[in-house]
Amino acid sequence: MRIACVALMLAAALPAFAQETTVRIHSARPFGYFVGDLIHARIDVSAPADAVLSRASLPNPGPLTGSLDLRDVKLRETSDNGARLWRLDLTYQNFYVALDARDIEIPGFQLSISTATGAQTVAVPAWRIGVSPLREVAPQKQEQASDYLRPDGSAPFVDEATPLNLAFGAGVAALLALALVARDRAWPPFQQRKARVFSALAHEISTRRGADDANLAATIQSVHRALDQANGAILLSADLPEFLRRRAEFKPLRVDFEQFFETSNRLFFGGESSRDDDAAEQLVQFVSRLARQERAG
Amino acid sequence: MNETLHVVQKLSDWRARALEFEQEIQKAVIGQARVVRLVTICIFARGHVLIEGDVGVGKTTLLRSVSRALGGDFARVEGTVDMMPSDILYHTYLGEDGRPRVDPSELLRHAETLPVFFFNEINRARPQVHSLLLRLMAERSVSAFNRVHHFPYLNVFADRNMVEREETFELPAAARDRFFMEILMAAPDDEDARRRLVFDPAFHDTETLLERVNSGTLDYRETPAVARAIQTHVRSSEALERYVLNLWQALVDPSSAGVSLPDVDLDSLVKGGASPRGLAALVRAARVRAWLEGRDYLVPEDVRDVFIEVMAHRIFVDPIHALRSDDIVKRLCRAAFDATPVP
């Protein structure tokens, strides 16, 4: 805070308080105030550690004298070297229209403090500041009254290019984002996008994990149906090369496809039981790979 | 238990020999791997074959190679419009003494040792001849010289002339249904095979070509037993049986199974065929294919791989589609496969 430490250090009224209760008044400057200026003052009151300040005794904002108003009162309570410290920030406003430089008085007030020994009163004394008169600037004599008028300040030049570019860029980015969302959700004009059958299947499978044969068989069947949908007709293992040629995005999964058909054939047609977690886990991974390739494609 | 192991071992040995048999045939008939595979399936399913194909694509060479590789005899007759059943059974000629003689025909003479009988241009022959052939195929026996002759190892291969319509007698539905498969044999697509067929002199002389084929790779006398073993050994799961029945339903009542073909009213398309005998043949052929692929259980690919060849000629469509029935039936079969989920 720019308030320079000035000024007044007063001993409190009672000798018992002499070492313990002090009042310090700080103000930014003690002179140079004009009519209408705000006067900031900080008053530090230090007291014994067990003292309690009565907030009702704080000065109330409002007119103090005919030409001085108290605008604002703020109280902070801290401790300083084991003593209680109240820091009172006061904002006054000066309405005294000075005709010459002179001092005016900021009136004092009293604070009530209660301690273990009883209630005490601490007086914040009046203090003075210097106020100065406002002097008119005497221009040269002009014939026309309008000659005293000064031209309006020119309007600052605002460069519109940058905000326009930014707005345009943001617009393009927004449209791009909208297009991406539309594609993801298959909104028009992306409604012709191939349905993401494997993504839907991966979601469906994740809700019904289990290693028993019936579940595995049902899962394999749903993978078959999804493959049929992706192929546009029933897909058997013999159709795999043709399918991978048409849907090149799935080419990297050839080995997984072959393994899937092998497992399916053994389970459904070979009469084998695949009661192991590996088959179910491999199936889940196969479907998630299919979904990933489908999104990439 | 030991018996089962013995059968498994025997089938495994026979599978190796069947694959070797295919290799032998392909020494003489190149670029026709699928046709050779289908013929092999027919031999091990004990089924008769209707071969459809252009002239000069190698049908006779194929069948003679098969006959040679099986180690048996080969008999062939040409269908003509004036052919009578007796022409197949009897050989009539004038003897050296000028008197007419009647001897058994080639077919009858080789009855016990004949694995391949080739009837060329079967649709040129009259229905009387067809009916004799039907009995020969169904019962593997004929009556001649006042006694019954048996053909224990016989597989009939018949060829249909698809070019001309005049003076031909289309096979009746019942006759077509007796054929296990109808195999389409076209000129090979492979450019290398085509070039060799045209420019390599080895392919210009059938007799020397046939000498490339090792005689007796398979013993035709064992095929009936092996065929029975295959049918009992190769399993079909409940899922597969359901699949085949669904396919059948899709053929008999396409619209109820969700099958649709553009420009064709499926409600009235199929007029007949797709008989239980046809479906049984389908499963027999699929089992042999599974065995040749080294499996002891059926998978849908086995069924689909042989489906058109086994089923298409047994399905009879509305006469309004008669002239393009082959195409429509094949499309119907494919649509049925595309609409029948598996497993």
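Visitor: Hi! Where does Glu182(B) sit?
Guide: Hello! In this predicted model, Glu182(B) belongs to strand β9 of chain B, which covers residues 181–185.

Visitor: And is Glu182(B) buried or exposed?
Guide: Glu182(B) is buried, because its relative accessible area is 13%, and the cut-off for buried is under 20%.

Visitor: Which side chain does the side chain of Glu182(B) make a polar contact with?
Guide: That would be the side chain of Arg160(B), at 2.5 Å.

Visitor: What else does Glu182(B) touch?
Guide: Leaving aside residues up to four places away in sequence, Glu182(B) touches Arg160(B) along with Leu50(B), Glu52(B), Arg176(B), Glu309(B) and His313(B).

Visitor: Where is Arg46(B), then?
Guide: Look in chain B at the loop between α2 (33–45) and β1 (49–53). Arg46(B) is buried there, with a relative accessible area of 15%.

Visitor: How about Asn146(B): what is its phi?
Guide: Asn146(B) is not a glycine either, and its phi is positive, about 65 degrees. You will find Asn146(B) in the chain B loop between β6 (141–144) and β7 (147–150).

Visitor: Buried or exposed, that Asn146(B)?
Guide: Asn146(B) is exposed, with a relative accessible area of 82%.

Visitor: Over to chain A. Which residues does a cis peptide bond join?
Guide: Pro188(A) and Pro189(A), with omega about 5 degrees. Pro189(A) lies in the loop between α1 (161–185) and α2 (197–206) of chain A.

Definitions and conventions. Residues are numbered from 1 along each chain as its sequence is written. Chains are lettered from A and ligands numbered from 1 in the order in which they are written. This is a predicted model: local features need pLDDT of at least 70, side-chain atom pairs count only at pLDDT 80 or more; totals for chains, interfaces and linings use all residues. Side-chain values use heavy atoms; hydrogens and water are left out. Helices (H or I, at least four residues) and strands (E, at least two) are DSSP runs, numbered from the N terminus. Buried means under 20% relative accessible area, exposed over 50%, partly exposed in between (1.4 Å probe, protein chains only). A polar contact is a pair of N or O atoms within 3.5 Å; within protein, one must be able to donate a hydrogen and the other to accept it, and residues adjacent in sequence count only if both atoms are side-chain atoms. Contact means heavy atoms within 4.5 Å.
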